[in-house]
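Here is a short briefing for a first look at this structure. Take the sequence and the model together as you read.

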Amino acid sequence: MGKRLRGETLAAFTMVAPAALWLFVFVAVPLIYVLGLSFCGQDEFGNAVFEFTTKNYANLLNADYLQIYLRSVLIAGATTALCVAVGYPFAYIIARTSSRHKSVFYMLVIIPFWTNSLVRVYGWKTFFSGTGWLSSVLMGLGLIDAPIDLLYTTPMTVFGMVYCLFPYMVLPLYSAIEKLDGSLIEASADLGARRSETFLRVILPLTSSGIFSGSIMVFIPCLGYFFVSDILGGGNADMIGNLIERQFQSANNWPLGAALSIMLILITIVLVRAYQRMGGDMDALGV
Amino acid sequence: MNEKIIVDVSHVDKYYGDNHVVSDMNLKVREGEFLTLLGSSGCGKTTTLRMIAGFEDPTSGEICIEGNPVAGKAPFERNVNTVFQSYALFPHMTIFDNVAYGLRIAKVPKADIATRVSDILELVQLEGFERRYPAQLSGGQKQRVAIARALVMHPTVLLLDEPLGALDLKLRKQMQLELKRLQRKLGITFVYVTHDQEEAMTMSDRIAVMHDGVLDQLGTPEEIYERPQTKFVATFIGETNIFEGCVNEVDTTKRISVGLENGNVTVAPQEGFRFGEFVTISVRPEKLRVSLEPREGFSLYGVVRDYIYVGSVIKCNVVLPNSNEVRFERLAGDELPKPGEVVFPYWEPDDCVLIHNRDNELYTALESIRLV
């Protein structure tokens, strides 16, 4: 008995150990490092030196930063709202259609996933710039007289975010909508409900978990997708992600960057906990 | 008998692509009756029900409810309600909200909703469950909620799609009686779909037996059992012995003689059968007899194989020369031939059912092709 148990323990250990080690080295250690760094000070050259201080956290409340946080939340909120508005009908159609093209629609969402999003965002830049495709075609058609440059605006940033994060909204929505029992929709119609009433009273409440998980999957990464606001927003729409990036790349204030990162992680944890509280399914988040 | 027709399905065909699921269906449902659509899976019974409910449109033909054609009318525009096989209770609503759903949509005043819901829950014996959620109920309770939710709308016709299919046998038997009692009490027309012939026999005023999209026979349970009009109906309802043969003598005043592979048999005279026609004979095990001597008009013989004791009844299998088996039943205690003994099966000419064989249509069709 004891021997057998030891054998099982050994087997379990050999299976779990590589994954645990991987997680420890590549997730836990960097996190602990960032956490430690966020309590460090700086010498006169800007290098991080260990001296326990909370001034980095105090600096987070800088008025300029608060404005960036607010903008981040607004952009992420707008991105999430747009993703729901466009993603819900889209996911509904591909989830409920009996068409044999169902898998094609599904792949149309998945395929861009396989290409580097940085590359794709640069693609949009050439499309929307003053000398880009859109402008040239519209001028060629005589619809506009002077080139239009849509780049480097907040709406452009939101557009880029929606574009990059759309699949993260569609996939949880798709799985929630596909799970919906079709006979519930029929039962609702049978009891006198019109399509709009069925949608509001039955379909929407039963797929709200998909909306919640999709929103979390869009909102949180959106706060950190600095390259989108960099490339398409051109510094006019800085977000928390840009702020963190700048601490490490140009301002050379690693401890402050670490404190910002820790704050972002805490926000994430709070949102995920709220999602769990509302009865959200952790599997739907893919975590 | 009330003869007012409440649902009239006339010449309805339904195709899914090339698949002909319902063909030339004609069915008149009388007001206040309990009518069952009976058949094995894929026979088109559920499709027929869904066409009445408005979830499917007939490819051709017409359905009238209370005399009005319902073509193009959505389910919510028809005064019929459906009880689904999966119950289809809204999981995010309490039992009260589930039952009140249709009333709220219909904008019934709040006070009326409360009384109507509590009345109907009392009727299905679910008082005190108002605040629970469907997930907290047993299968039988969910079923009652589904029925209450449909009945609270006061439908002209209640459509039930295998509502007891998911319940265990004991609960199913109990619910069958309850449903029947409920239907009698309310006087609402029930159109019920099931594949369980016993269930159909227990509950129905009339049964419509469907097979391969065709309505084979419509009649009372007794008619269906005693006078099946097709071989399918004879074999699907209860146990029976089937003999296929050819009419070799017709004496319409005395008897019809049929030649089988294993010998000749005699059946009671009846109209509509001609010499040379292929026929099917159905004899219920309780009507089949055996004798130790050959009987006049019968030249079947076989060997007793074994006995099965089923409580008060003994079932006996007899093997015919072509290795087909026939089965008869006796009450326990009757004297029986021994296994291995040669016996001569026979029956009273009135105790069997003579059925036109569909092969005749095939032969006629083949002949006409040859003529063309």
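**Domains of chain B**

Nine residues of domain 1 of chain B are in contact with nine residues of domain 2 of chain B (contact means heavy atoms within 4.5 Å). This is a predicted model: local features need pLDDT of at least 70, side-chain atom pairs count only at pLDDT 80 or more, and totals for chains, interfaces and linings use all residues. Residues are numbered from 1 along each chain as its sequence is written, chains are lettered from A in the order in which they are written, and side-chain values use heavy atoms, without hydrogens and water.

*Layout and interface*
- Domain 1 of chain B spans 5-231 and domain 2 spans 241-371; the bounds come from an automatic or database domain assignment.
- Their C-alpha centres lie 39 Å apart.
- About 720 Å² is buried between the two domains, with 48% from carbon and sulfur atoms (the accessible area, 1.4 Å probe, that two parts lose on being put together, summed over both).
- B:Tyr225, B:Pro228 and B:Lys231 supply 66% of the area that domain 1 of chain B buries against domain 2 of chain B.

*Salt bridge*
- The count between the two domains of chain B is one salt bridge (a side-chain nitrogen of Lys or Arg within 4 Å of a carboxyl oxygen of Asp or Glu).
- B:Lys231 forms a salt bridge with B:Glu244, with the closest N and O atoms 2.6 Å apart.

*Chain A helix*
- A:Val27 lies in helix H1 of chain A (helices, H or I, are DSSP runs of at least four residues, numbered from the N terminus).
- A:Val27 is partly exposed, at 37% relative accessible area (partly exposed lies between buried, under 20%, and exposed, over 50%, with a 1.4 Å probe and protein chains only).

Conventions
Helices (H or I, at least four residues) and strands (E, at least two) are DSSP runs, numbered from the N terminus.
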